[in-house]
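Biologist: Before we discuss packing, could you bring up the sequence and the model, so that we can go through the aromatic residues and the helix around them?

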Amino acid sequence: MTTPTPTHTELLRRVSGGERRAADELLELVYEDFRSMAATYLRHESNDVTLQPTALVHEAFLRLIDQNQVQWRGRTHFLAIGAQAMRRVLVDNARRRNRKKRGGSANRISFEEQLFLSPDHDHDLIAVDQLLAELQEIDPRQSQIVELRFFGGMTSSEVAQHLGISKSTVDREWRVVRAWLRQQLNEDDKA
């Protein structure tokens, strides 16, 4: 008789309880999803980024399992928070590189359906991160939608499921927030 495979939620509960073996099992379950997200992130990075998808996955995963204040609600919630952790790792790395460079000119970006970042990606990533922080203050749900759709690579349906709203609401708010981000980035270009 085989033992049933534990669910993401069960493993997350056990990880929150400090069970190291559960963390290893969880990593096996989410590894391909995390690796796909990491590859998407790194595809937009400049050539001087030394992080590989595997390193990004492991760094983000370590940050996640170190969380003891999060009440995990399952796989989608974990992947959403994982997308945020990966973005934080990349932003932290970009800030570190910028401190070393101390300057340089920033190429501005435009926000379209797919965000194509400039060769001087560190400045762009920090600018987008700052806009997301500002959006979080204005409308936390729209900030989450950007995080999940763009950075997490989730579909509108997956975002709707995670946030407990309809797909049409996600689509509508995604259009609104893209317009807002485009406007903010254009204003920065003029400044």
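Biologist: In this predicted model, does Phe61 count as buried or exposed, and at what relative accessibility?

Modeller: A residue counts as buried under 20% relative accessible area. Phe61 falls under that cut-off and therefore counts as buried, with a relative accessibility of 5%.

Biologist: Which residue forms an aromatic pair with Phe61 at 6.1 Å centre to centre?

Modeller: The planes of the two rings stand at 80°, and over 60 degrees a pair counts as edge-to-face. The pair links distant parts of the chain, from helix H3 to helix H4 (residues 75–101), across 17 residues.

Biologist: Which residues do ring pairs link into a cluster?

Modeller: The structure holds three aromatic pairs. One of them is the edge-to-face pair of Phe34 and Phe61, with 6.4 Å centre to centre and 75° between the planes. This pair joins helix H2 (residues 20–43) to helix H3, its members being 27 residues apart. Phe34 counts as buried because its relative accessibility is 0%. The cluster linked by ring pairs consists of Phe34, Phe61 and Phe78.

Biologist: Within what arc do the buried residues of H3 fall, seen down its axis?

Modeller: The buried residues of H3 are Pro53, Leu56, Val57, Ala60, Phe61 and Leu64. In an α-helix, residues three or four places apart point the same way, because there are 3.6 residues a turn. The buried residues of H3 line one face of the helix, since they fall within an arc of 125°.

Terms used: Residues numbered from 1 in each chain as written. Predicted model: local features only at pLDDT ≥ 70, side-chain atom pairs only at ≥ 80, totals over all residues. Heavy atoms only, no water. Buried < 20%, exposed > 50% of the residue type's maximum accessible area, 1.4 Å probe, protein only. Helix = DSSP H or I, 4+ residues; strand = E, 2+ residues; numbered from the N terminus. Arc of directions from axis to C-beta. Phe/Tyr/Trp six-rings, centres within 6.5 Å; stacked < 30°, edge-to-face > 60°.
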